[in-house]
Amino acid sequence: VQLQASGGGLVQAGGSLRLSCAASAAIFSRNLMGWYRQAPGKQRELVATISNSGITNYADAVKGRFTISRENAKNTVYLQLNSLKLEDTAIYYCNSKIGILEFWGQGTLVTVSS
């Protein structure tokens, strides 16, 4: 398995979750790692990315609430989700990119309830 995401679940609005994505070493160390999400009936969208040097980028909808980080020793990327809203409900996918190569994990479901 090249990308294994975990950490999704059911959480009340305002709550927090931390997603993890363990990657194979070959597609982690030099790659741009990211999280995307797909809500029911919507297209997949970018949530956040982090470069191999730690530069981060966030979608406007999650800025100030979500934090992406990477732990190079464990080939793992994290997404801390705080102040969750109903509209954050989606399947969250881990992504790895380098050049024209791109890899996807299987997704982990985050459900935010009122």
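**Exercise 1. Is tyrosine 93 buried or exposed?**

Solution. Apply the cut-offs: buried means under 20% relative accessible area, exposed over 50%, partly exposed in between (1.4 Å probe, protein chains only). Tyrosine 93 has a relative accessible area of 12%, so tyrosine 93 is buried.

Ground rules for the exercises: the model is predicted, local features need pLDDT of at least 70, side-chain atom pairs count only at pLDDT 80 or more, and totals for chains, interfaces and linings use all residues. Residues are numbered from 1 along each chain as its sequence is written, and side-chain values use heavy atoms, with hydrogens and water left out.

**Exercise 2. Find the aromatic pairs and classify them.**

Solution. Rings of Phe, Tyr and Trp (its six-membered ring) pair if their centres lie within 6.5 Å; planes under 30 degrees apart count as stacked, over 60 as edge-to-face and the rest as tilted.

Step 1: take tyrosine 36 and tryptophan 104. Their ring centres are 5.0 Å apart and their planes stand at 70°, so this pair is edge-to-face.

Step 2: Strands (E, at least two residues) and helices (H or I, at least four) are DSSP runs, numbered from the N terminus. Tyrosine 36 sits in strand S4 (residues 32–38) and tryptophan 104 in strand S10 (residues 101–104), so the contact ties together parts 68 residues apart in sequence. Tyrosine 36 is buried at 13% relative accessibility. Tryptophan 104 is partly exposed at 36%.

Step 3: take tyrosine 93 and tryptophan 104. This pair is edge-to-face too, with 6.4 Å centre to centre and 85° between the planes. Tyrosine 93 belongs to strand S9 (residues 90–98) and tryptophan 104 to S10, so the pair ties together parts 11 residues apart in sequence.

Step 4: Ring pairs link Tyr36, Tyr93 and Trp104 into a cluster.

**Exercise 3. Over which ring faces does arginine 44 lie?**

Solution. Step 1: the test. A charge sits over a ring if NZ of Lys or CZ of Arg is within 6 Å of the ring centre and within 35 degrees of the ring normal.

Step 1: apply the test. Arginine 44 lies over the face of tyrosine 93, 3.7 Å from the ring centre. Arginine 44 also lies over the face of tryptophan 104, at 4.5 Å.

**Exercise 4. Describe the disulfide.**

Solution. Step 1: count. Taking pairs of cysteine sulfur atoms within 2.5 Å, the count is 1 disulfide.

Step 1: identify. Cysteine 21 is joined to cysteine 94, S to S 2.1 Å.

Step 2: handedness. The torsion about the S-S bond is about -90°, so the disulfide is left-handed.

Step 3: location. Cysteine 21 lies in strand S3 (residues 17–23) and cysteine 94 in S9, so the bond ties together parts 73 residues apart in sequence. Cysteine 21 and cysteine 94 are both buried.
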